Amino acid sequence: MDKRIRNRLWIIVGLVGLSVGSLVPRNTKQRVIDRETGRMKDTTVRRLPINLGLDLQGGIHLALEVDQSKGPVPDCADAIQRAEKVVRTRIDEFGTTEPVVQIQGRCRLIVELAGEKDPARAKSIVQRTAFLEFRITDMKGLFKDALPQIDAGLRKAGVKARGANAPSAVAQLFGGDTTKAARDSAAEANTPGVLSSLLFQGQLPGEFLVPEEQWPLVDSLMNRPDVTSLIPRGMELRWGAQSESRGARAYRALYAVEARPIITGEELVKASARRDPVTNGSVVTFQLSHRGARKFSDETARHIGDYMAIILDGRVQGQPPVIRSQIGANGQIELGSKPLQEASDLALVLRAGALPAPLTIVDERAISATLGADSIHDAVIAGVVGVVLVIVIMVGYYRMSGALAVAALTLYCLFTLAGLAMFGFTLTLPGLAGFVLSIGIAVDANVLIFERIREELVHGKSLRLAVDDGFLHAMNAIVDSNVSTILTALILYAVGTGPVQGFAITLIIGIVASMISAIFVVKTLFLMWLNRRPDMVTLSI
Amino acid sequence: MIRLFANANYDFIKWRRVAFSLTGGIMLIGAIFLATRGLNYSIEFTGGTSVQFEVAHRVETGKIRAALDQVGLRGADIYNFGSDTSYQVRARLGANASEGDAGTQAVADSVARALDQSVGQGQYQIAQRQSVGPKVGRELQGKALLAILVSFLVTLIYLAVRFEWRFGLAAVVATAHDIVATIAFISVMHLEVSLVVVGAVLTVVGYSLNDTIIIFDRVRENLRKYRRQNLYEILNLSINETLPRSVLTHGTTIATTLSLLILGGEVIRPFAWVMSFGIFTGTFSSIYIAAPVLLWIEKRWPGEDARGARAFGSRPATTPSAPAAPAMSSQPRTPQPTR
């Protein structure tokens with residue numbers, strides 16, 4: 001075989017391999033509702049890596065903006081960032097597998113809840129005012145002391161520890177060596193407690209770490225009425241906002257905190273992040289109201305050396321800082337060598353609780369999944385009929401050459417889908433229509449080439465020369481027309497919103513894929529064809 | 001092999017005045033419709049509430065309308081949506097209703113109440129409820145206009161680099177024609193202007209541009225090849241030479257959009273209408289707007305380079321009805337390969 005053809009084939013094989021690879025169903029983590037506890041848990045699902053848009057899957061689409069009706073909001077970009085932080089904190093409450101929370105433009109927040117059916121509930125979650133509070137952690141270890149009693153209570157209720165060799169007892173965590181610590185402590189306490197076997201002592205008083213996969217279990221145990229009654233009076237349990245990795249495993253922090261907040265977000269005036277000029281560490285500075293300052297200085301004076309958890313909407317944000325001295329109206333939280341980004345995030349949390357952004361819903365769409373399914377069904381049928389028509393026209397008119405073009409068309413479909421999957425774009429209804437349409441456009445390139453080859457043949461050129469010149473001469477028109485269409489699509493993407501963008505994306509990917517398949521793949525097929533039949537005098541075109 | 005329109009030799013440019021009056025007439029009708037009826041903006045643009053529901057048994061539209069009037073939703077639009085038993089009720093927010101959440105809820109509740117009365121409780125199922133402030137749509141209007149203007153500018157620059165500014169200007173004029181014609185079509189057909197339809201209009205822009213460039217590419221090539229002929233002849237020759245391609249490509253594209261139109265379902269039907277018309281007008285404008293406008297621009301501002309000065313003489317020397325296509329007729333022909 002010709003070396004040129006072999007190289008071309010390798011490239012095509014590589015592209016096909018890459019495309020198939022990006023389309024193979026894979027394990028993805030999804031958060032789903034646990035039927036038993038009604039809370040969220042992580043599961044791994046095997047599925048095609050193409051995201052279906054809300055219009056195809058059904059669900060609720062909310063667009064929110066900062067309410068400016070009661071007077072202008074000076075910095076709406078900041079307000080919407082705070083709102084995003086708040087909504088993200090509540091993400092578990094949505095109860096959908098992949099909630100989309102994103103800022104659009106400067107001042108709009110998009111929340112998409114696939115599969116959610118109750119718009120009223122979704123709206124109440126999104127629009128609820130954020131609640132920020134500072135609470136002292138369990139300095140005396142009251143909760144830890146109560147653990148054996150809770151374990152006993154659970155055992156009496158018939159709840160068994162999971163697995164005989166579960167790492168047991170409250171284990172000290174030093175660095176990442178959890179297994180060693182667990183084994184050591186397992187030797188100490190030979191009767192593993194149901195709850196205590198799942199908790200590892202954290203670095204701070206009142207801080208516990210729970211392996212990420214055990215989180216839903218612990219959460220459900222914690223909320224049993226017989227357990228809540230055994231939690232020491234004046235104490236409450238709060239989860240950390242994010243999972244954190246220690247060593248190789250991911251943990252979720254659980255904090256035992258005092259039930260009474262020393263101060264709430266109402267008293268906060270402002271908060272910002274900066275870099276300390278002396279120590280060069282990241283610092284969050286905050287300012288309290290007059291009333292808040294009095295209260296705060298009383299409380300901090302009594303709690304010097306204690307740890308203070310910052311809780312937004314019931315979730316502890318970051319690691320609780322230690323109180324070093326009495327703090328009045330102006331305070332600062334030192335994050336040491338942590339990146340400034342973390343300080344900015346914490347400042348955002350404080351501001352989110354301090355100045356709840358009033359949000360109004362500017363767009364709400366509840367799309368039933370059945371409607372989505374109908375739409376998919378119809379569009380797929382339309383697509384199949386459209387493709388069949390294209391095949392009939394192409395093969396009928398161009399015979400063997402048309403068949404080669406159709407073969408390349410299957411690769412075109414593969415490339416386009418792979419492009420969508422590779423870049424993580426979501427397939428929407430307008431996108432689907434654009435996909436069907438771009439099949440027609442993909443054919444255009446081949447039509448241009450074939451017509452050129454025919455012209456060259458009419459002009460009396462030999463087969464091989466006609467094919468080469470046909471591809472060459474058609475190239476200008478194909479490139480110019482496709483580039484200008486891509487430019488238009490890019491502008492659509494940059495300027496447009498949701499559905500228009502979805503359309504533009506499929507169009508761009510479709511055009512790129514069509515250039516590869518219609519020019520490169522078809523030319524390779526032609527070269528192979530001519531190579532196999534060197535004695536061929538007439539071209540089936 | 002089958003060859004459609006091979007060696008075609010039509011004088012397209014001769015019909016430019018007829019074409020101009022035809023398209024002018026369509027635009028005039030469109031303008032009248034726009035002025036009197038305006039565009040049928042979807043709820044995304046006007047703001048309000050749209051409720052889709054399915055009823056168990058067929059109900060008279062009049063009955064639903066009467067019930068809606070009773071609960072205070074006067075002038076609400078009622079559409080049959082797909083089948084006999086699925087409806088869409090569209091109500092814009094009243095003047096005194098609060099925009100956004102509360103107003104939407106009120107309208108949706110009113111629709112439910114009206115359905116309870118006219119259809120009976122449990123006899124209907126609400127499939128979709130949409131409520132929007134008009135803001136999203138209004139913003140999109142502005143954005144779509146901006147997108148079109150920016151894309152014109154980019155097209156002008158790109159074509160000025162790849163071809164010549166005259167070609168760019170002619171292509172943009174043709175594309176602008178397509179936008180106006182498509183809006184006229186939308187108005188006459190009373191299609192609902194939704195976000196997706198706006199997307200379709202923007203695609204028509206791309207498609208039409210595509211088609212114009214294919215012909216202009218041939219013009220560019222023929223200008224270099226046939227130095228004797230004037231632009232009038234070159235334009236005709238180029239359109240004729242690309243005719244087989246035009247027929248094939250538009251045939252396949254029309255096939256896909258028609259299948260979308262007929263089978264694609266209610267949701268994308270307006271989109272498919274606009275696309276189908278857009279392909280038609282895009283093809284029309286590439287031949288009858290872009291080429292004559294290029295001719296006119298060249299007459300007005302003759303090219304200064306040697307090629308331009310030569311190419312843009314006045315009327316063709318030969319009679320317009322039979323422009324010479326020497327390359328095609330004088331070349332010796334190979335025996336037609338057949339299968």
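Modeller: Chain B has a mean pLDDT of 77, and 76% of its residues reach 70 or more; pLDDT is the predictor's confidence in each residue, from 0 to 100. In residues 305-339 of chain B the pLDDT is below 50, yet beyond near neighbours in sequence this stretch has 52 contacts in the model. Two residues are in contact if their C-beta atoms, placed from the backbone, lie within 7 Å.

Biologist: What should I do with low-pLDDT parts?

Modeller: Where pLDDT is low, the predicted coordinates should not be read in detail. On ground rules, this is a predicted model, with local features needing pLDDT of at least 70 and side-chain atom pairs counting only at pLDDT 80 or more, while totals for chains, interfaces and linings use all residues. Residues are numbered from 1 along each chain as its sequence is written, and chains are lettered from A and ligands numbered from 1 in the order in which they are written.

Biologist: And what is the mean pLDDT of chain A?

Modeller: The mean for chain A is 80, and 83% of its residues reach 70 or more. The pLDDT is below 50 over residues 163-190 of chain A, a stretch with 46 contacts beyond near neighbours in sequence. For the complex, the predictor gives an ipTM of 0.74 and a pTM of 0.67.

Biologist: How many helices and strands does chain A have?

Modeller: Chain A has 14 helices and 20 strands, and chain B has 12 helices and six strands. Those are DSSP runs, numbered from the N terminus: helices are H or I with at least four residues, strands E with at least two.

Biologist: What share of each chain counts as buried?

Modeller: In chain A, 45% of the 541 residues count as buried; in chain B, 47% of the 339 residues do. A residue is buried if 20 or more other C-beta atoms lie within 10 Å of its own, exposed if 12 or fewer, and partly exposed in between, with C-beta atoms placed from the backbone.

Biologist: Now the cores. Which residues touch the most other members of the largest one?

Modeller: Ala408(A), Ala171(B), Leu235(B) and Val274(B), in a core of 121 residues. Helix α11 (residues 369-422) of chain A gives the most to this core, with 18 residues. Another core, of 75 residues, lies apart from it, and Leu62(A), Val111(A), Leu199(A) and Ala273(A) are among its members. A nonpolar core here is a set of buried Ala, Val, Leu, Ile, Met, Phe, Trp, Tyr and Cys residues joined through C-beta atoms within 7 Å.

Biologist: What is Val274(B) in contact with?

Modeller: Leaving aside neighbours within four places in sequence, Val274(B) is in contact with residues including Thr182(B), Ile186(B), Leu191(B) and Val204(B).

Biologist: Back to α11 of chain A. Is Tyr398(A) buried or exposed?

Modeller: Tyr398(A), which is found in that helix, is buried because 25 other C-beta atoms lie within 10 Å. Beyond four places in sequence, Tyr398(A) is in contact with Ala405(A), Phe450(A) and Ile541(A). Ile541(A) lies in the segment after α14 (498-532) of chain A and is buried too, with 24 other C-beta atoms within 10 Å. Ile541(A) and Met400(A) are 141 residues apart in sequence, with 6.4 Å between their C-alpha atoms.

Biologist: What about the phi of Arg399(A)?

Modeller: Arg399(A) has a positive phi of about 55 degrees, although it is not a glycine. Most residues other than glycine have a negative phi. Arg399(A) also lies in helix α11 of chain A and counts as partly exposed because it has 16 C-beta neighbours inside 10 Å.

Biologist: Last topic, helix packing. At what angle do α9 and α10 of chain B pack?

Modeller: Helix α9 (residues 243-263) and helix α10 (residues 269-300) of chain B pack at about 165 degrees, with axes 8 Å apart. Axes are lines fitted to C-alpha atoms, for helices over the stretch in contact, and angles run from 0 to 180 degrees between N-to-C directions. So α9(B) is roughly antiparallel to α10(B); angles under 35 degrees count as roughly parallel, over 145 as roughly antiparallel, 65 to 115 as roughly perpendicular and the rest as oblique.

Biologist: Which residues meet there?

Modeller: From α9(B) they include His250(B), Ile254(B) and Leu261(B), and from α10(B) they include Trp273(B), Met275(B) and Ile279(B).
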